[in-house]
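Colleague: I would like to go through this model feature by feature. For each one, give me the criterion and then the case at hand.

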Amino acid sequence: MRFDKFTLKVQEALQEAESLSRSLGHQSIEPEHLLVCFLRQEDGIAGAIINKLNASPQKIERELENYLKKQPSVGGAGAGQVYLGGRLNKIFDKAMTEAAQLKDEYVSAEH
């Protein structure tokens, strides 16, 4: 996967999702990790879309955080290895396809 084809906001959110995953002792970065980080971005598209749907980004973020805290964690030597989970890989593949169909040079959160 070519991360240099992601916008800066997506790259930042992915780095934060990796940190979040590590802090919770998770071995993989899943869509929920990334969504939490998108919701934390100031002036991010995820929060704006959720607001337009008359929902609360803060409430969704809290629910996701609670969900993530309940997921299995790994300690010891295995805790240092973090990878993109299968579901997140599929999302990125679809986002890259969407960007290509729209003839966009970079993959953004909208994709």
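**Ser 108 and its surroundings**

Modeller: Leaving aside neighbours within four places in sequence, Ser 108 is in contact (heavy atoms within 4.5 Å) with Thr 7 and Val 10. This is a predicted model, where local features need pLDDT of at least 70 and side-chain atom pairs count only at pLDDT 80 or more, while totals for chains, interfaces and linings use all residues. Residues are numbered from 1 along each chain as its sequence is written, and side-chain values use heavy atoms, with hydrogens and water left out.

Colleague: Where is the place of Ser 108?

Modeller: Ser 108 sits in the segment after helix 5 (86-101). Helices are DSSP runs of H or I with at least four residues, strands are runs of E with at least two, and both are numbered from the N terminus.

Colleague: Does Ser 108 count as buried or exposed?

Modeller: Buried means under 20% relative accessible area, exposed over 50%, and partly exposed in between, using a 1.4 Å probe and protein chains only. Ser 108 counts as buried because its relative accessibility is 16%.

Colleague: Which side chain is joined to that of Ser 108 by a polar contact?

Modeller: A polar contact is a pair of N or O atoms within 3.5 Å; within protein, one must be able to donate a hydrogen and the other to accept it, and residues adjacent in sequence count only if both atoms are side-chain atoms. Here the partner is the side chain of Glu 110, at 2.6 Å.

Colleague: What about the phi of Asn 54?

Modeller: Asn 54 also has a positive phi, near 60°. Asn 54 belongs to the loop between helix 3 and helix 4 (57-69) and is exposed, with a relative accessible area of 76%.

Colleague: How many salt bridges does a search of the whole structure find?

Modeller: A salt bridge is a side-chain nitrogen of Lys or Arg within 4 Å of a carboxyl oxygen of Asp or Glu. The search finds six. One of them joins Glu 18 and Arg 22, with an N to O distance of 2.7 Å. These two are separated by about one helical turn, because they are four residues apart in helix 1 (residues 8-23). Glu 18 is partly exposed at 28%, and Arg 22 is partly exposed at 38%.

Colleague: Which parts does the salt bridge between Glu 32 and Arg 87 tie together?

Modeller: The N to O distance in that pair is 2.8 Å. Glu 32 lies in helix 2 and Arg 87 in helix 5, so the bridge ties together parts that are 55 residues apart in sequence. Glu 32 is buried at 15%, whereas Arg 87 is partly exposed at 42%. Glu 30, Glu 32 and Arg 87 are linked in a network of salt bridges.

Colleague: With which residue does Arg 40 form a salt bridge?

Modeller: Arg 40 pairs with Glu 61, the closest N and O atoms being 3.1 Å apart. Arg 40 lies in helix 2 and Glu 61 in helix 4, so the pair ties together parts that are 21 residues apart in sequence. Arg 40 is partly exposed at 41%, and Glu 61 is buried at 16%.
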